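Please consult the sequence and the 3D structure while reading the points below.

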Amino acid sequence: MTATDNRFATRVATAVWPGLQPRLLRLSETAEDYAAYAQSGGYQDLGDPDALLEEIDRCGLLGRGGAAFPLAVKLRTVRDAGRAGSSTVVLANGEEGEPASVKDRWLMRYRPHIVLDGVRLAVRIVGAERAHVYVSDPLAAHELNTALDAAPSIAAQVTVVSVDPGYVAGEETAAVRAVNGGPAKPTDKPPRPFEKGVGGLPTLVSNVETLANLPFILRHGSDAYRAEGTSASPGTFLATVTGGGRPPTLYELPLGTPFAELLEHQQVSADQVKGVLMGGYFAGLLNREVMDATLDHETMRRLNSGLGCGAVAVITDDCPVAVAASVMAYFDRENAGQCGSCFNGTAAMSAVTDALRQGSATEEDMTRLERWSVVLRGRGACATLDAATNVAASLLRAFPADVARHLAGDCDACRAHVYHALRPYEVEAFS
């Protein structure tokens with residue numbers, strides 16, 4: 001079953017995975033209202049917050065914002081800070097900075113109550129006095145505020161904070177800085193938000209999809225949660241699938257789904273696939289080895305990649321070198337401009353990958369690019385430079401033949417059509 005979301009400029013189809021009872025996805029062209037959500041079992045009473053935290057721990061719920069950090073660890077850390085005498089804050093991060101991802105905006109637009117219910121439960125667990133939902137999509141902000149109007153007990157605690165969209169705006173310290181009234185740009189760490197965040201208080205910063213899993217866990221428990229997924233990557237996740245000449249589609253998938261099965265349902269011929277841009281822009285490129293992979297954290301780590309925010313851009317007709325150059329140019333434009341290593345490093349790597357795309361790079365350029373992909377890693381206030389080094393390293397590792405063809409000025413794909421995109425495989429946010 002599929003439905004088309006007409007409120008995205010690049011229309012997004014939502015698709016139910018065969019045999020899966022969706023936990024997050026809902027096929028509808030309208031936002032779910034309070035009555036429908038409550039009737040489906042939402043906003044259940046929470047008895048013992050500590051008991052729910054133990055269930056979340058047993059579930060093994062990992063963050064869906066990119067880092068896949070265990071949510072129970074974050075919750076327990078902030079809760080313990082509150083019990084030590086400090087007030088605490090919850091910050092639900094819905095600033096979806098990855099252009100190829102749409103899942104957070106979709107949740108907030110179409111299922112705002114499941115997001116707010118997750119925020120409510122997180123507030124109770126950590127003992128927070130207030131919470132913020134952090135967004136850059138005007139329609140998502142509108143739907144969240146409409147939902148808050150229908151749920152006055154939650155509205156007393158939760159504020160929707162809107163910022164301009166940007167790749168770095170969703171980084172956790174940038175989110176805290178923006179809620180505190182500053183620019184949506186990252187800050188140096190430490191302190192981390194769990195130590196000193198919004199208003200200088202210990203703050204739980206968690207992705208909205210991550211928190212949207214909490215109502216299911218409250219209703220059904222950890223065993224039901226683990227009924228899907230793998231032992232190390234339990235549950236389901238939202239995947240934005242683009243590229244391959246097909247319209248963008250938002251799936252809810254069991255973790256561990258074979259990539260080849262996803263291709264089949266997306267109606268992309270396996271023979272045409274050159275590789276993928278995996279997990280959004282951050283994790284870099286994979287070649288055809290992805291055809292034998294399953295979509296889970298342990299498999300992606302073995303491939304030197306990651307699921308990231310669940311964005312999967314399939315590369316078929318486009319040249320991987322040209323895709324990498326477009327992504328690198330995006331990082332060059334979108335970095336915060338605060339750290340010299342990132343500002344200069346992304347510019348340098350972008351210049352080399354663009355020269356490679358044009359067929360004017362040299363072997364010496366490739367040596368420099370390989371060195372930068374190592375020595376620049378870990379520098380700067382946020383992970384933008386790490387993302388750029390991932391793209392550079394994965395291009396050189398996964399596509400040596402394509403790199404060699406570009407060094408020789410002999411790329412058939414680029415002779416037919418040179419791929420350029422300001423925001424590669426973007427799913428437009430605004431309607």
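A residue is called buried if its relative accessible area is under 20%, exposed if over 50%, and partly exposed in between, with a 1.4 Å probe and protein chains only. Helices (H or I, at least four residues) and strands (E, at least two) are DSSP runs, numbered from the N terminus. This is a predicted model, in which local features need pLDDT of at least 70 and side-chain atom pairs count only at pLDDT 80 or more, while totals for chains, interfaces and linings use all residues. Residues are numbered from 1 along each chain as its sequence is written, and side-chain values use heavy atoms, with hydrogens and water left out.

- Strands pair if DSSP finds at least two bridges between them, and an open sheet of 4 strands with parallel pairing has the order E5-E4-E3-E6.
- Strands E5 (158-162) and E6 (203-207) are at the edges with a single partner strand each, so one side of each has no neighbour in the sheet.
- From one strand to the next, the twist averages 20°; axes are lines fitted to C-alpha atoms, for helices over the stretch in contact, and angles run from 0 to 180 degrees between N-to-C directions.
- Strand E4 (residues 130-135) pairs with E5 in the parallel sense over 5 bridges, and His132 has Thr159 in E5 as its bridge partner.
- Helix H8 (residues 172-179) lies across E3 (89-93), E4, E5 and E6, at about 110° to E4.

- E10 pairs with strand E13 (residues 311-315) in the antiparallel sense over 4 bridges, where Val276 stands opposite Val314.
- E10 also runs antiparallel to strand E11 (residues 285-286), joined by 2 bridges, and Leu286 in E11 is the bridge partner of Val276.
- The hairpin of E10 and E11 has 6 residues between the strands, and in it Gly279 takes a positive phi near 75°.

**Helix H10**

- The buried residues of H10 (residues 214-225) include Leu214, Phe216 and Tyr225.
- The buried residues of H10 pack against helices H1, H2, H3, H5 and H9, where contact means heavy atoms within 4.5 Å.

**Cysteines**

- A disulfide is a pair of cysteine sulfur atoms within 2.5 Å, and by this rule the count is 0.
- Cys309 is buried at 9% relative accessibility, and its sulfur is 15 Å from the closest cysteine sulfur, in Cys382, too far for a bond.

Note on methods. The expected span of a helix is 1.5 Å times one less than its number of residues.
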